[in-house]
Amino acid sequence: MASGAGGAEGAEDPQSLVTASVLLQRLLELSKNPGLARKLQQLLPHIMGGLRDAEDKLRIKALMIVSKVMRQLEDEEASPIAVGLVQDLRPLFDGGCSRLRELSIRLLRFLLESVLGSDRKRMQSETWDLLLPLFFHMSDQCPSVAKECPELLDG
């Protein structure tokens with residue numbers, strides 16, 4: 001996904017964008033099946049890592065995949081994965097698209113709720129630098145984004 005949705009080269013190649021979009025759409029369909037979603041968990045760091053320079057439409061699909069897969073996992077499986085994914089969400093909070101901001105904040109809330117036991121300390125250290133951007137988004141012009149932030153910060 002990084003080459004198809006990523007850097008300067010990928011951004012100029014419409015075929016790469018189409019390929020990345022089709023791939024993400026297929027992964028989204030697979031993530032709806034609980035058995036297959038559990039197998040996709042190994043791809044989550046790669047999916048999230050490929051979001052840095054992607055178009056918003058691809059980022060939204062990727063977040064939907066990550067969310068669906070994480071919801072299919074047992075808490076014991078989801079906890080360490082959640083800690084590993086949380087920092088990849090930070091750049092998405094400031095995405096140009098309100099849907100992207102809303103989905104990234106919702107996913108953050110879910111990831112925080114998924115953390116168990118010893119992973120809580122690791123998650124706490126990973127999330128300190130996310131608090132200020134979330135605070136600023138409490139006054140986001142998009143009502144759904146502004147609504148998500150206080151719920152996350154209060155939780």
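A: On the α3 side you have Leu17, Ala20, Ser21, Leu24, Gln25, Leu27, Leu28 and Ser31, and they meet Leu58, Lys61, Ala62, Met64, Ile65, Lys68, Val69 and Gln72 of α6. Sort the residues of that contact by type and you get ten nonpolar, four polar and two charged. Keep in mind that this is a predicted model.

Now the geometry. Helix α3 covers residues 14–31 and helix α6 covers residues 56–72; their axes come within 9 Å and cross at roughly 20°. Angles under 35 degrees count as roughly parallel, so α3 is roughly parallel to α6. The crossing of the two is left-handed.

As background, nonpolar side chains in soluble globular proteins tend to be buried together.

Leaving out residues up to four places away in sequence, Leu63 touches Met48, Leu51, Leu89, Leu92, Leu100, Leu103, Ser104 and Leu107.

From there, move over to α7. Its buried residues are Ala78, Ser79, Ile81, Ala82, Val83 and Leu85, and what covers them includes α5, α6, α8 and α9 (119–127). Pro80 also lies in α7, but at 37% relative accessibility Pro80 counts as partly exposed. If you skip residues up to four places away in sequence, Pro80 touches Asp119 and Arg122. Pro80 and Asp119 are 39 residues apart along the chain, yet their C-alpha atoms are separated by 6.4 Å.

Zooming out, the chain has eleven helices and zero strands. Of its 155 residues, 45% count as buried. Look at contacts with a separation of 6 or more, and residues 24 or more positions apart account for 65% of them.

Terms used: Residues are numbered from 1 along each chain as its sequence is written. This is a predicted model: local features need pLDDT of at least 70, side-chain atom pairs count only at pLDDT 80 or more; totals for chains, interfaces and linings use all residues. Side-chain values use heavy atoms; hydrogens and water are left out. Axes are lines fitted to C-alpha atoms, for helices over the stretch in contact, and angles run from 0 to 180 degrees between N-to-C directions. Helices (H or I, at least four residues) and strands (E, at least two) are DSSP runs, numbered from the N terminus. Angles under 35 degrees count as roughly parallel, over 145 as roughly antiparallel, 65 to 115 as roughly perpendicular and the rest as oblique. A crossing is left-handed if the near helix is turned anticlockwise from the far one by less than a right angle, and right-handed if clockwise. Contact means heavy atoms within 4.5 Å. Ala, Val, Leu, Ile, Met, Phe, Trp, Tyr, Cys and Pro count as nonpolar, Asp, Glu, Lys and Arg as charged, and the others, Gly among them, as polar. Buried means under 20% relative accessible area, exposed over 50%, partly exposed in between (1.4 Å probe, protein chains only).
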